[in-house]
Every structure is written in structure tokens, then in C-alpha cells.
Amino acid sequence: MAGDKDFNIDSVAQKRGSYLLHFWRISLASFIVLPAFLYLRFWILSIFAIFCFFSPVIFAKKWVHFAYEEPPRNIEILFHSAIGSFVRLFSPGLKQPKLTCSSRIRANAAEFKEYCKLCGFKEATFENPGLAALPFMHAMSIAICGSIVAHPAFPYSALGLIHIRNHIGMKRKVRHAVFLASRVLQFSYTKTDKGVEILFLISAFDDKSNELLFNGSSTLLHRCKTDIARPRKIQQLEDNTPSLSEEWTLPGTIGLSYAICSGDYNPIHLHPISAKAFGQKNAIAHGMYTLAKSLSSAASLVKSDFDMLFPLEVTNEWKLPLHLPSNDASYHCNVVTKHSGHACGSSPRSIENEPLTPTEYVSFAVRFEGSKPHMIGALWHP
């Protein structure tokens with residue numbers, strides 16, 4: 001589905017999405033009022049509230065194809081995911097279902113301006129976003145992945161899922177920050193030594209021309225025990241690979257700043273208190289932020305050696321969390337060709353995470369505390 005040539009929202013799927021959104025809101029409201037009903041011993045109302053709380057499972061669990069005219073805000077999806085995680089204790093999801101979600105997404109000029117300022121895209125504008133469109137459009141589509149994770153048929157709890165890998169392919173230069181019509185397909189489940197990897201395929205279209213703008217993937221990890229043996233521990237990246245570099249200083253508020261301009265209010269990135277509530281020692285840098293900043297840094301450092309014109313593809317993989325604030329993070333990149341150079345980060349890989357061999361690519365890495373890897377990636381022309 002990531003290779004679809006056009007986009008149309010099915011009317012039945014859109015009705016399902018509308019009803020599902022209402023069921024989630026009813027479920028959230030019932031969760032809020034249920035303790036009061038129980039305390040006041042309003043037993044009939046308590047039973048009704050419990051019924052309403054489970055309404056997404058009762059009515060929508062088998063709606064594996066759904067759509068929104070506009071997706072719910074990310075902070076609302078977080079509430080849906082939290083409720084869904086609790087509901088799964090009593091009603092497990094379907095066994096590895098294939099879920100699809102489609103939606104139209106509106107780009108906000110003010111949020112895009114702050115996004116570019118925060119991530120380092122100094123020359124990008126809403127009318128001519130340039131390279132900034134690559135991570136921004138992918139970040140906008142992540143909300144639809146969240147809607148799938150919150151769905152009552154999704155088999156795993158949203159709490160504890162880890163975003164580990166991306167692949168993004170932009171087909172052409174975007175002349176303006178277009179309205180997007182985006183579709184996400186939950187494509188596959190792969191058992192690894194660390195747990196189960198869930199692959200989401202993403203397609204985004206120009207809502208006016210119906211032209212495919214980019215396709216890609218996001219991979220989430222559900223940690224659990226498997227029968228696959230663990231390989232050796234992560235090795236630190238070599239420092240002696242020739243590369244261009246710059247130092248990064250990331251303040252403790254960078255997670256909240258990114259959330260405001262991207263709409264992605266994940267608690268582990270916002271504040272030390274909210275991060276500790278979800279098992280982190282401190283707030284950690286948002287991976288989509290470090291990816292966007294990596295691309296803006298690459299555009300600045302290798303602009304004389306690598307053509308940043310579209311079409312472009314980028315792949316990245318996160319290794320270790322980067323705790324905030326950070327004064328010792330560093331960014332490294334170099335241009336690698338078939339005949340010269342050694343990757344300081346990773347080499348190009350396909351959506352299925354298979355190795356590719358373009359004639360030229362930019363390899364990049366983000367490190368901290370000397371050589372500990374936070375993220376590795378590659379950028380190339382398909």
C-alpha cells in the first residue's frame with residue numbers, strides 16, 4: 001500500500017473512524033466519572049459507565065480499516081492509547097491483525113515555522129520548505145501510526161513501545177507545505193532477539209493533485225522474551241572514521257519545544273518527572289527531533305559535496321537514548337561513494353531493512369559521551 005498511486009478515503013472507513021473516535025471519548029469520560037459513581041454508590045450508573053468504558057472494544061474491535069477526515073491530536077491519542085492498554089488487560093487485541101488508517105492532515109504555518117527554527121532549517125519557509133519537508137511530513141503522519149496503536153484490535157500495549165527505525169522517501173520538491181492525505185498500513189510483525197518489531201508502511205499524497213509525495217516506514221519494538229538468541233552488545237562507533245562534525249548542546253526544554261511545534265507530546269521527552277513515570281532516568285531527546293536536526297546539519301556540512309535535490313531517501317536507526325540536557329552530543333557525517341570513503345554512520349537500507357548500494361550517499365551519526373551511539377543513518381538519491 002505504500003506504493004499506491006492515488007488516494008481516496010472510503011466512506012465506510014471514514015464512518016468507522018468517526019464512530020471509533022466517539023467511542024474513545026465516551027470511554028475516557030466514563031473513566032473519569034466512574035470513581036465518583038462508585039464512591040457515591042450509584043450502582044446502575046457505575047455499571048453503565050463500565051459498559052461505556054469498554055465501548056471501543058465492544059463495537060469497534062473488528063474495524064481493522066478506518067479513516068479520519070482529520071486525525072485526533074496527538075495528546076488525545078495518548079489518552080486513547082493509555083485507555084486501550086488498560087482495556088487489553090481484560091480484552092486482548094486480535095492476533096497480529098493488518099490494520100489500515102487513512103486521514104487528511106493540515107499543515108500549520110506557525111507550527112512549521114517553529115519546527116524549522118528549532119531543527120535548524122534556516123532557509124525553509126512554509127511556501128518553499130525544501131529539505132525540511134522530508135522529516136516534517138513524516139512527523140505529521142506519525143499521528144496516524146498512533147491511531148493504529150490505540151486501536152482496540154492492536155495486540156500490544158502502547159506503553160513501552162519503542163520507535164527504533166525509519167525509512168523515508170520523498171519523490172519531488174514540495175513547492176509549499178501542502179495539505180496531506182496520508183495512509184498508514186500496519187504491515188508486518190517480525191520476531192527478534194529483543195521482542196516483536198511492528199512495521200508501519202506510510203504513504204502521503206498531495207491533497208490537491210492526488211500525487212504521491214513520499215512513502216516510507218516506521219518500525220516500533222514491543223519488548224518481550226523470544227526464542228531468538230541475543231547477539232553481542234552494541235559496539236561503540238569508531239571515532240577514527242574521517243568525517244565532518246559539529247557539537248550539539250541540547251537544553252532540557254528541547255523535548256517540550258519540539259512537542260509544541262510537532263504536536264507529539266510523548267511524556268518521556270517532556271520533563272524529568274513525566275519521563276521517570278515511564279521508566280526513564282531523565283527526559284530523553286525525541287528521536288524525530290534528532291533526525292530532523294541531523295538532516296539540517298548534513299545540508300550545511302556537505303552542501304559542496306552532495307546534491308540535496310529531490311528525489312531523496314533517508315534511513316535511520318536509534319541505538320541508545322540521549323538524555324537531556326546534553327552538553328556532549330556531537331554530529332558526524334561524510335560522503336561515501338562506491339570507490340572511496342567509509343561510512344561514519346550507517347549505509348542505505350530499504351523499507352524492508354535490506355542493504356542498498358547507491359553510487360553515492362551521506363552517512364551520519366549522532367554520538368554522546370565520546371563515542372556512544374544515539375543514532376546512525378544515511379541519505380541518498382534513489
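**Exercise 1. Work out how many aromatic pairs the structure holds, and classify the pair of Y115 and F136.**

The structure, which is a predicted model, holds 18 aromatic pairs, where rings of Phe, Tyr and Trp (its six-membered ring) pair if their centres lie within 6.5 Å, and planes under 30 degrees apart count as stacked, over 60 as edge-to-face and the rest as tilted. For Y115 and F136 the centres are 5.0 Å apart and the planes are at 65°, which makes the pair edge-to-face.

**Exercise 2. Decide whether Y115 and F136 are buried or exposed.**

Buried means under 20% relative accessible area, exposed over 50%, and partly exposed in between, with a 1.4 Å probe and protein chains only. Y115 has a relative accessible area of 0% and is therefore buried, and F136, at 7%, also counts as buried.

**Exercise 3. Find which residues F121 touches, not counting residues up to four places away in sequence.**

Taking contact as heavy atoms within 4.5 Å, one finds that F121 touches Y115, C116, L131, A132, P135, A292, L295 and S296.

**Notes on the model.** Residues are numbered from 1 along each chain as its sequence is written, and side-chain values use heavy atoms, with hydrogens and water left out. Local features need pLDDT of at least 70 and side-chain atom pairs count only at pLDDT 80 or more, whereas totals for chains, interfaces and linings use all residues.
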